[in-house]
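Trainee: I am new to reading structures. Please take me through one, feature by feature.

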Amino acid sequence: MRGDDRDERMDAALRSYADPGEIPETRVVVARVMGSARSSELQRKALWVWGAAGLAAMLAVGVVWMMPSSRVPEIAWTPKAPGVARVEVPLGEPRVDAESASVRSRAAVGARGMRTAAAKQLPKLDSFPTPRPLSPEEEALVSFARQAPPGVKKAVIEDQQHWDQPIIVADLRDPSLQAGGHQDQ
Amino acid sequence: MRPEDEAAFTGLVERQWRFAYRVAWAVLRNRQDAEDAAQEAFLKILRARAWQGLRDEKAFVARISWRAAVDRLRDSHSRRSPLRGQSGGEFEPEEVADPTLGPEEIVVKASWEAAVHHLIDSLPEELRQPLALSVEMNSREIAAAMGITEGTVRTRLMRARAMLREKIGAMEERRYAWR
């Protein structure tokens with residue numbers, strides 16, 4: 001067989017190889033493609049609807065969760081009395097001699113617990129040191145400062161500035177005593 | 001979809017359906033799968049609204065159709081045996097009927113072409129596909145469809161034809177030796 005003849009037959013076989021024969025009609029194909037497109041479009045729309053519904057549900061759940069009324073109620077704050085609250089510390093029944101040491105230690109622990117609890121219950125004040133009422137001497141000083149004439153107050157103040165100096169007291173000279181002494185002698 | 005778009009798309013399918021089907025057939029060699037692949041290609045074009053303003057409509061359709069067919073071929077390879085060659089080897093006189101040939105010549109020609117089809121099927125896929133597409137398209141169109149350069153297409157076509165020629169020669173030598 002010659003090479004040209006073989007090539008011709010090979011090309012003919014190749015043409016028949018690539019020939020699909022009867023081809024489906026175009027109209028049928030158009031109808032199928034358009035139908036598939038429409039159905040997929042509907043599916044996509046349905047997917048969007050379901051997705052949007054799910055998202056809305058999640059948002060609703062989130063909003064309900066974030067609402068203050070839906071939270072766990074907070075413990076109401078009640079101002080406590082400024083006094084020391086009594087704290088009951090169970091000590092149990094006191095034991096007899098053999099266990100007196102443990103009873104004492106337990107009592108000490110209980111007392112310490114009471115002190116700690118009392119310290120926790122003390123009100124905290126804004127000023128330091130804690131204000132307290134005036135003593136009688138302080139009250140007398142205040143009344144003196146309000147009522148005494150200015151000359152006297154000045155003298156007292158000047159005298160206060162020399163408080164560390166020794167007090168000089170003049171010699172006592174009582175003529176009557178001296179006279180009486182002479183009489184006894 | 002607007003009526004004018006639908007009309008434009010219908011026009012594209014009417015112009016390119018046969019071509020897209022033949023491209024898919026060249027890859028898959030199965031009527032049902034080729035039809036499905038070609039339809040899938042047009043469905044992709046429709047969804048992407050890509051049929052408007054095409055510079056080279058034929059090359060674009062060839063590319064999409066070839067891609068859909070190759071994807072389907074890969075899926076079918078993973079699922080079952082290859083689609084190709086399903087009708088190969090059988091005597092199908094209606095495909096080679098020629099009124100100028102006598103009965104014996106028809107049988108001889110049919111069996112010879114069926115044997116050559118088997119040989120084409122046995123080529124490597126990178127050579128078989130451009131060879132099968134070369135009946136329908138030129139080198140530039142094949143290159144656009146397969147996403148390779150035109151020079152690569154020519155090289156592969158030369159290699160495919162040389163390999164096929166060699167296989168046919170070996171087959172005929174065995175036949176003559178058997179007779």
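Trainee: At what angle do helix 2 of chain A and helix 2 of chain B pack?

Mentor: Start with the terms. Helices (H or I, at least four residues) and strands (E, at least two) are DSSP runs, numbered from the N terminus. Axes are lines fitted to C-alpha atoms, for helices over the stretch in contact, and angles run from 0 to 180 degrees between N-to-C directions. Here, helix 2 of chain A and helix 2 (residues 31-47) of chain B pack at about 50 degrees, and their axes are 10 Å apart. That makes the two helices oblique to each other. For the word itself: angles under 35 degrees are roughly parallel, over 145 roughly antiparallel, 65 to 115 roughly perpendicular, and the rest oblique.

This is a predicted model: local features need pLDDT of at least 70, side-chain atom pairs count only at pLDDT 80 or more, and totals for chains, interfaces and linings use all residues. Residues are numbered from 1 along each chain as its sequence is written, while chains are lettered from A and ligands numbered from 1 in the order in which they are written.

Trainee: Is the crossing of helix 2 of chain A with helix 2 of chain B left-handed or right-handed?

Mentor: A crossing is left-handed if the near helix is turned anticlockwise from the far one by less than a right angle, and right-handed if clockwise. Helix 2 of chain A passes helix 2 of chain B in a right-handed crossing.

Trainee: Which residues make that contact?

Mentor: Two residues are in contact if their C-beta atoms, placed from the backbone, lie within 7 Å. Helix 2 of chain A brings A:Val29, A:Arg32, A:Val33, A:Ser36 and A:Ala37. Helix 2 of chain B answers with B:Gln39, B:Phe42, B:Leu43, B:Leu46 and B:Arg47. Look at the spacing. An α-helix has 3.6 residues a turn, so residues three or four places apart point the same way.

Trainee: How does that contact divide by class?

Mentor: Ala, Val, Leu, Ile, Met, Phe, Trp, Tyr, Cys and Pro count as nonpolar, Asp, Glu, Lys and Arg as charged, and the others, Gly among them, as polar. This contact has 6 nonpolar, 2 polar and 2 charged residues.

Trainee: How do helix 2 of chain A and helix 1 of chain B cross?

Mentor: Their axes come within 10 Å and cross at roughly 135 degrees. They are therefore oblique to each other. This crossing is right-handed. A:Thr26, A:Val29, A:Val30 and A:Val33 meet B:Thr10, B:Val13, B:Glu14 and B:Trp17.

Trainee: How many residues does each chain give to the whole contact?

Mentor: Chain A gives 20 residues and chain B gives 31. On the chain A side, helix 1 (3-18) and helix 2 (26-66) each supply at least two residues. Helix 1 of chain A has the largest share, 8 residues. The chain A side has 13 nonpolar, 4 polar and 3 charged residues.

Trainee: Is B:Phe42 buried or exposed?

Mentor: A residue is buried if 20 or more other C-beta atoms lie within 10 Å of its own, exposed if 12 or fewer, and partly exposed in between; C-beta atoms are placed from the backbone. B:Phe42 has 27 such atoms, so it is buried. Leaving aside neighbours within four places in sequence, B:Phe42 touches A:Val33, B:Val13 and B:Ala20. B:Phe42 and B:Ala20 are 22 residues apart in sequence, yet 8.8 Å apart in space, C-alpha to C-alpha.

Trainee: Which residues touch the most other members of the largest nonpolar core?

Mentor: A nonpolar core is a set of buried Ala, Val, Leu, Ile, Met, Phe, Trp, Tyr and Cys residues joined through C-beta atoms within 7 Å. This one has 47 residues, and B:Ala20, B:Val23, B:Ala24, B:Ala38, B:Ala41 and B:Ala69 touch the most other members. Helix 1 (residues 3-28) of chain B gives the largest share, 12 residues.

Trainee: What about B:Arg29?

Mentor: B:Arg29 lies in the loop between helix 1 and helix 2 of chain B. Its phi is near 60 degrees, a positive value in a residue other than glycine. With 26 C-beta neighbours inside 10 Å, B:Arg29 counts as buried.
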